[in-house]
Amino acid sequence: MQKCQNCKTDFRIEPEDFEFYKKMNVPPPTWCPECRMVRRFSLRNERAFYKRTCGSCKKDVVSVFAPDAKRNVYCPLCYKSDKWDPFRYGQEIDFSKPFLEQLRQLWEEVPVPAVFTENCVDSPYTNHTHDSKNSYLVFGASVIEDSAYCARLANTKDSFDVTAGSKMEQCYEDISCNEAQKLFFSVRSENCFNSYFLEDCRNVSDSFGCVNLRNKQYHIFNKPYTKEDYEKTLAQMNIGSRAALAELRRKVEEFSLRFPRRFAHVVNSQSVTGDNIVNSKNCRFCFNVYGNLEDCAFVVNANDLKDGYDGYGYGAGAELLYEGADSGVNAGNMAFTLFVHGSHHVRYCFNCHGSSDLFGCVGLRSQKYCILNRQYTQEQYDELVGKIVQQMNEHPYTDAQGRIFRYGEFFPPDFSTFAYNESAAQEYFPLTADEARRKGFRWRDPAEKTHAITIRPETIPDAIRWVPDSILKETLGCAHRGTCNDQCTNAFRIIPMELAFYRKMNLPLPDLCPNCRHYRRLAHQNPYRLWHRACQCAGTHSSNGIYQNQSTHFHADVPCPNEFETTYAPERPEIVYCEQCYQEEVV
Ligand SMILES: [Zn+2]
Ligand SMILES: [Zn+2]
Ligand SMILES: [Zn+2]
Ligand SMILES: [Zn+2]
């Protein structure tokens, strides 16, 4: 057992972990897996924007770096130009100072792009997004068109408020859905059309409030209707009214608790623990794995990766990655990297691409044998790296909380210019302002952003048919009034393509800001934590007596003997079944 340097709880390092650390030539970690995950997430701001001045052309630019963040922020044009040279900021190694302190100084000086987008057209308010057009407030996404308020999404168009998934069209308020059209307010559903409030459904169309259905049409709360009755009942529900919709949302949530859920979504994989894993093997504590992961652990949002540990946004053709975020893309042997693609033999680098043999560099492209943005020969490089590793161990960086960062530790949290509640950490490990400060993170009060609200939340028209075009000029107040922990922006606007969408689909205007809507969807995603539990199938019904099995299971009328690792905490109200029992109930 090892004691976490950060939270002081004990954690176990498995024999195969030591093998991995040996391959990477790094010492075992001194922070527990969860603290390491939070630390990685805290270094990434995906969704908070500010106005800043470009460090080069001095024009206004939309940036993820707040005006008070110590960074040399460049607008996209200046950043892409050849007006600047990252070697100009190069530093001589000073062996009398902790190495990470020198790296932090370099990090503050080398130009950074205002936002992290690639090939996005007419989409200034997007971040960590590529190959998209006419998109607004879209984060961590690719190939998005005419859409807004989406995150972690691919190949989607004409959609609003969709989080996690791919191939969505004309969709609204969905989470973890794939290949859908006109699907609204749905969770973990695939190949579904013209439907509302589906959960864990496959190939379902023209339905409302259904759970665990396969290949069905015209169903409401899992009951079949004729086409005419379905249409009549749906019209009576009055979905175009926000008040009616809120009541329906409450009913659906109650109804869904009467059905079993699968312990984890694992497809065609062997020896894996975690959730949402396809086509992978030997992975421990991994989440959102889109295929081809092997011998990995503590990885979130990844594909095509062998021997990868501790990553967020990881892979795309990579091997031997350790402690990184947004790293990979035909890469190998990289550790302690933030936004590093197509590189090999890299340690402690930020925003470097197509390079090899870099140690402590920022903003380099297609370079080799560099330390603190200075060029060395191969011989000098090898010798200096050895000396730096030794110096990092003997003269480590220590932060204000007294936490020690020797060689083998990821970037200290105080390297981040982002407050905890504007980083991805708040999305998965939400804290209150007091909790965050106690843990040594900064917090940004929403009061810092003030907007003149012209329509208070309680006076936003209830039905879309009462909304005039002039709404586009108004500033609406969020019903949470900045009092929640959901990055609430207090105020928000309606954009033209969004208003047209609500009208076409007969959906009411929201009374929550985009961030509060995003966090409400995230509540349907389980935490990146695992509990060892037993299947809750008691034979003919669920162990809490709520769900009656529809078929006879392999274990007949005695309780199912299966156990598993699940993201459902034991105290949660959902009925959790093993894969076998779940499949028996959804045919
Ligand atoms: Zn810990
Ligand atoms: Zn809000
Ligand atoms: Zn079972
Ligand atoms: Zn069973």
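Biologist: Start with α11. What covers its buried residues?
Modeller: The cover includes β8 (126-157), β9 (160-169), β10 (172-184) and β28 (491-492). Before we go on: this is a predicted model, where local features need pLDDT of at least 70, side-chain atom pairs count only at pLDDT 80 or more, and totals for chains, interfaces and linings use all residues. Residues are numbered from 1 along each chain as its sequence is written, while chains are lettered from A and ligands numbered from 1 in the order in which they are written.

Biologist: Which residues of α11 are buried?
Modeller: Pro514, Asn515, Cys516, Arg517, His518, Tyr519 and Arg521. Buried means 20 or more other C-beta atoms within 10 Å of the residue's own; exposed means 12 or fewer, partly exposed is in between, and C-beta atoms are placed from the backbone. Seven of the nine residues in α11 (514-522) are buried, so the rest of the structure largely encloses this helix.

Biologist: How many helices and strands are there in the protein chain?
Modeller: 12 helices and 31 strands. Both are DSSP runs numbered from the N terminus: helices are H or I with at least four residues, strands are E with at least two.

Biologist: What is the strand order in the open sheet?
Modeller: Nine strands, in the order β16-β17-β18-β19-β20-β21-β22-β23-β24, with mixed pairing. The edges are β16 (266-267) and β24 (374-375), each pairing on one side only. Two strands pair if DSSP finds at least two bridges between them.

Biologist: And β17 with β18: parallel or antiparallel?
Modeller: Parallel, over five bridges; β17 spans residues 270-278 and β18 spans 281-289. Asp275 stands opposite Phe287 of β18.

Biologist: Which strands does α1 lie across?
Modeller: Helix α1 (15-24) lies across β19 (293-328) and β20 (331-341), at about 80 degrees to β19. Helix α2 (33-42) lies across β18 and β19, at about 60 degrees to β19. Axes are lines fitted to C-alpha atoms, for helices over the stretch in contact (C-beta atoms, placed from the backbone, within 7 Å). Angles run from 0 to 180 degrees between N-to-C directions.

Biologist: New topic, the core. Which residues touch the most other members of the largest one?
Modeller: Cys150, Cys286, Val299, Cys361 and Tyr577, out of 145 residues in that nonpolar core. Such a core is a set of buried Ala, Val, Leu, Ile, Met, Phe, Trp, Tyr and Cys residues joined through C-beta atoms within 7 Å. Its largest share, 15 residues, comes from β19.

Biologist: What does Cys361 touch?
Modeller: Cys349, Cys352, Cys370, Leu372 and Asn373, leaving out residues up to four places away in sequence. A second, separate core has nine residues, among them Leu476, Cys488, Ala491 and Tyr519.

Biologist: Which domains are assigned?
Modeller: Domain 1 (2-45 + 418-438), domain 2 (140-262) and domain 3 (446-522). The bounds come from an automatic or database domain assignment. The C-alpha centres of domain 1 and domain 2 are 35 Å apart.

Biologist: Last one, β30. Which residues are on its covered face?
Modeller: Phe564 and Thr566; Glu563 and Glu565 are on the uncovered face of this strand (563-566). Strand β29 (531-534) pairs with β30 in the antiparallel sense over four bridges. The bridge partner of His532 in β30 is Glu565.

How values were computed: Two residues are in contact if their C-beta atoms, placed from the backbone, lie within 7 Å.
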